[in-house]
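Subject: Structure handover

Hello,

Here is the structure I said I would pass on. My notes follow below it.

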Amino acid sequence: MRAPLGGSRTKKRKKTWEPPWGVQDKKIKYNKNINIKSDSVEFIEQLNQISFQNNVEIDSDNIIIKADSAIYDNSEDLISFIGMPTTIKSEEVEVEFSGTAQKILFYNDEKIHLIGNAYMQYEGISISSELI
């Protein structure tokens, strides 16, 4: 059996999928206190990922992140946000911070990394770096 010209091909397959959390009107409730919404949602079965495109927003008990796109990787239990820029803002009164970056990594334990032209303001202190 011969492989097709140009090597093997992988393609994204769109299908209706019911994840282990609720999906309603392109809004996903991730775990107990994290909601994700976007204009479109696509499950990429081969990679065990969910892709969110256009007007992506995550809202947890503590923060709001806005981006152009995002990918939830079930294997890594990680959401990667990409945008020009991607923004993050604290919702806690006691811990006030905000920031921007080309990419934000949001882990299930709410650990956050800002990557690429990253800027963060935390309690009156401004930090800028390639990685925060």
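From the N terminus on, the chain reads β-β-β-β-β-β-β-β-β-β. That is 10 strands and 0 helices. Helices (H or I, at least four residues) and strands (E, at least two) are DSSP runs, numbered from the N terminus.

Ground rules. This is a predicted model, so local features need pLDDT of at least 70 and side-chain atom pairs count only at pLDDT 80 or more, while totals for chains, interfaces and linings use all residues. Residues are numbered from 1 along each chain as its sequence is written, and side-chain values use heavy atoms, with hydrogens and water left out.

Confidence. pLDDT is the predictor's confidence in each residue, from 0 to 100. The chain average is 78, and 74% of the residues score at least 70. Residues 1-31 stay under 50. For that stretch the model has 42 contacts (heavy atoms within 4.5 Å) beyond four places in sequence.

Burial. Of the 132 residues in the chain, 33% are buried. Buried means under 20% relative accessible area, exposed over 50%, and partly exposed in between (1.4 Å probe, protein chains only).

Core. A nonpolar core is a set of buried Ala, Val, Leu, Ile, Met, Phe, Trp, Tyr and Cys residues joined through side-chain atoms within 4.5 Å. The largest one has 21 residues. Ile 58, Ile 65, Ile 79, Phe 81 and Phe 106 have the most contacts inside it. At least two core residues come from each of β3 (34-37), β5 (49-60), β6 (63-73), β7 (78-90), β8 and β9 (112-122). β6 gives the largest share, 5 residues. Ile 65 touches, among others beyond four places in sequence, Val 56, Ile 58, Phe 81, Ile 104 and Phe 106.

Pairing. Two strands pair if DSSP finds at least two bridges between them. β7 and β8 run antiparallel, joined by 9 bridges. There, Ile 88 has Gly 99 of β8 as its bridge partner. β8 and β9 are also antiparallel, over 8 bridges. Lys 103 is bridged to Ile 115 in β9.

Is Gln 102 buried, partly exposed or exposed? Gln 102 counts as partly exposed, because its relative accessibility is 38%. Beyond four places in sequence, its contacts include Phe 81, Ile 82, Gly 83, Ile 115 and Asn 117. Ala 67 is 35 residues from Gln 102 in sequence, and their C-alpha atoms are 9.1 Å apart.

Best wishes
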